[in-house]
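Dear colleague,

I am passing on the structure we spoke about, and below it you will find my notes on what came out of it. Please read them with the model open beside you.

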Amino acid sequence: MSTLKLIGSYTSPYVRKVRILLIEKNLPYEFILDDVWGAQPHVMQFNPLGQVPCLLLPAGEVLTDSRSIAEYLDWLVPASSVAHINERLEVLRWQAIAEGIIDTSVKYRVEQIRPPALQWQDWFIRQKDKLQRCFKALNQHLATHTWLANNQYSVADLTLQCALNFIDFRMGDWDWRAEFAHLKRFETQLANQTAYIETMPK
Ligand SMILES: N[C@@H](CCC(=O)N[C@@H](CS)C(=O)NCC(=O)O)C(=O)O
């Protein structure tokens, strides 16, 4: 297969999720660095939303959105851990919470980079409340589970790790580890793996 091309940035948690999946599935790809906040993002030629990640397939098709890309990659190289519909449901359920944490922290981040006079404090509170509730639910679950779904590593865990590391990167003043010991333990499980080290936001 000729090479997949991934348009993205080194800081986006959505792009990171795709990069880790590509590494884990041993799929070679070319990375095209783009700046979606710049004057002329390269991705605009392929995605009218102007968002990354954007995957260019060898035959010329374009796939946008981390969720769709993850589904496509899973079709190319299926995850061995999800044989049964109930197991798949369990992965989807937890993955949706982890994706929601990414969406929420990105909304928080975008508000942070607006001029201070335009920042909406109620927006920060609303997003932070969501994060607190999700962290509480995840922490409770992880008190009795090593991994989120089916007691084995899956894309739900991958997504959560991307979410937690993005929060450390962009909301560094929130010491969530002090409040959520089981999530803290969870984060250390993947921190030393090559795919995670190589793609750490910086
Ligand atoms: N639902 C999309 C969201 C992608 C997204 O929001 N990417 C951000 C980078 S973190 C982006 O491109 N933002 C620029 C914009 O929304 O204009 C996904 O899962 O891929």
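**Notes on the model**

Ala59 lies in the loop between strand 3 and strand 4, and with a relative accessibility of 68% this residue counts as exposed. Its C-alpha atom is separated by 9.9 Å from that of Thr3, although the two residues are 56 apart along the chain. Please keep in mind throughout that this is a predicted model.

**Domains and core**

The domain assignment gives domain 1 (4-76) and domain 2 (85-198), and the C-alpha centres of domain 1 and domain 2 lie 21 Å apart. To the contact between them, domain 1 gives 12 residues and domain 2 gives 19 residues.

The largest nonpolar core is made up of 52 residues, and those with the most contacts inside it are Leu73, Phe135, Leu160 and Leu183. Helix 5 (residues 155-170) supplies the largest share of this core, namely 8 residues, while each of domain 1 (4-76) and domain 2 (85-198) contributes at least three residues to the core. As background, in soluble globular proteins nonpolar side chains tend to be buried together.

**Packing of helix 1**

How do helix 1 and helix 2 lie relative to each other, roughly parallel or roughly antiparallel? Their axes come within 9 Å and cross at roughly 5°, which makes helix 1 roughly parallel to helix 2, as the angle is under 35 degrees. On the side of helix 1 the residues that meet helix 2 are Tyr14, Lys17, Val18, Leu21 and Leu22, and on the side of helix 2 they are Ser66, Arg67, Ile69, Ala70 and Leu73. By class, the residues of this contact divide into 7 nonpolar, 1 polar and 2 charged.

Apart from neighbours within four places in sequence, Thr199 is in contact with Arg16, Arg19, Ile20 and Ile23. The C-alpha atoms of Thr199 and Val77, which are 122 residues apart along the chain, are separated by 20 Å.

Glu111, which lies in helix 3, is likewise buried, with a relative accessible area of 8%. Not counting residues up to four places away in sequence, Glu111 touches Leu118, Gln119, Trp120, Trp123 and Phe124.

**Backbone points to check**

Most residues other than glycine have a negative phi, and most peptide bonds are trans.

- The peptide bond from Val52 to Pro53 is cis, with omega near 10°, and Pro53 is found in the loop between strand 2 (29-33) and strand 3 (54-56).
- Asn26, in the loop between helix 1 and strand 2, has a positive phi of about 60° although it is not a glycine, and at 67% relative accessibility Asn26 counts as exposed.
- Asp65, in the loop between strand 4 (62-64) and helix 2 (66-76), has a positive phi of about 80° and is not a glycine either; with a relative accessible area of 34%, Asp65 is partly exposed.

With best wishes

How values were computed. Residues numbered from 1 in each chain as written. Predicted model: local features only at pLDDT ≥ 70, side-chain atom pairs only at ≥ 80, totals over all residues. Heavy atoms only, no water. Core = buried A, V, L, I, M, F, W, Y, C linked by side-chain atoms within 4.5 Å. Buried < 20%, exposed > 50% of the residue type's maximum accessible area, 1.4 Å probe, protein only. Helix = DSSP H or I, 4+ residues; strand = E, 2+ residues; numbered from the N terminus. Domains from an automatic or database assignment. Contact = heavy atoms within 4.5 Å. Axes fitted to C-alpha atoms, helices over the stretch in contact; angles between N-to-C directions. Parallel < 35°, antiparallel > 145°, perpendicular 65-115°, else oblique. Nonpolar A, V, L, I, M, F, W, Y, C, P; charged D, E, K, R; others polar.
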